[in-house]
Amino acid sequence: YATTRLAAETQRQFLHLQLLNESREAIVTAVRAEEDRLGSLSSSFSVLEYLSEVSPPVRTSTVEKARAFLSSPASTAWIFALEEHAVLYPELRPCRIQMVKRQRHLHEEVHRLSLVLMAPGQIDRHVIGAATELANHAGEQAALMHDLLVHVQERAFSTVSGHPAEKRDPP
């Protein structure tokens, strides 16, 4: 009887570690894809600050990148990955909710600014300032995503290794 209980407990622990690792992989993959998307968006809008004149081809390219950002299925993949694995990472719920709100706000900013860039006429400094601010918001969201990724990695690896991860205080 004791041997059977020990074998069952060992199998349960192995299954837990396997699930933890598989969830880590899914979350990391989705979060890295979102980090890449945010980095690309940030670059697309921050470059406007350094141009003496925003030409029609640059405007078109920026709007196309904004549309791709808004319509990409990757924009929600990280949210679904966190929701699907919430039972293994319950501490991430408040963070996920806050980051979803930030993401929604960022999407609204991108949509608004892309409409302004599509409109005919000269681009003034106010629009360039808004583009720079949007680029900064995208960069901040990418940094938060990376911190989330580090937490998931550390949490999974500390559970597997038995060594506690250091307490993290995000920047």
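A cavity is taken here as a set of grid points where a 1.4 Å probe fits but cannot get out. In the predicted model examined here, the count comes to 1 cavity of 30 Å³ or more. About 50 Å³ of space lies in the largest cavity. Its lining is formed by I27, L82, H85, A86, Y89, P90, L92, R93 and R96. Sorted by class, the lining of the largest cavity comprises 6 nonpolar, 1 polar and 2 charged residues.

With regard to the overall fold, the chain contains 5 helices and 0 strands, and the order of elements from the N terminus is α-α-α-α-α. The radius of gyration of the chain is 21 Å, well over the 16 Å given by the globule rule for 171 residues, so the chain is more spread out than a compact globule. The C-alpha trace spans about 80 × 30 × 20 Å along its principal axes. Of the 171 residues in the chain, 37% are buried.

Helix α5 covers residues 125–161 and has 37 residues. From its first C-alpha to its last, α5 reaches 53 Å, which is close to the 54 Å expected at 1.5 Å a residue. At the start of this helix, a side-chain oxygen of D124 comes to within 3.2 Å of the backbone nitrogen of H126. Just after α5, a positive phi of about 85° is found at G162.

H151 is also located in helix α5. H151 and Y89 are 62 residues apart along the chain, and their C-alpha atoms are separated by 10.0 Å. Y89 is in turn one of the residues that line the largest cavity.

A further pair involves helix α4, which consists of residues 93–118 and includes E108. E108 has a relative accessible area of 41% and is therefore partly exposed. Between E108 and L70, the separation in sequence is 38 residues, and the distance in space is 9.3 Å from C-alpha to C-alpha.

Definitions and conventions
Residues numbered from 1 in each chain as written. Predicted model: local features only at pLDDT ≥ 70, side-chain atom pairs only at ≥ 80, totals over all residues. Heavy atoms only, no water. Helix = DSSP H or I, 4+ residues; strand = E, 2+ residues; numbered from the N terminus. Expected span 1.5 Å × (residues − 1). Polar contact = N/O pair within 3.5 Å; in protein donor to acceptor, adjacent residues only side chain to side chain. 1 Å grid on protein atoms, 1.4 Å probe; cavity = no way out; pocket = protein on both sides within 12 Å on 5 of 7 lines; lining within 4 Å. Points joined across faces, edges and corners; volume = space filled by probe spheres on them. Nonpolar A, V, L, I, M, F, W, Y, C, P; charged D, E, K, R; others polar. Rg over C-alpha atoms; globule rule 2.2 N^0.38 Å. Buried < 20%, exposed > 50% of the residue type's maximum accessible area, 1.4 Å probe, protein only.
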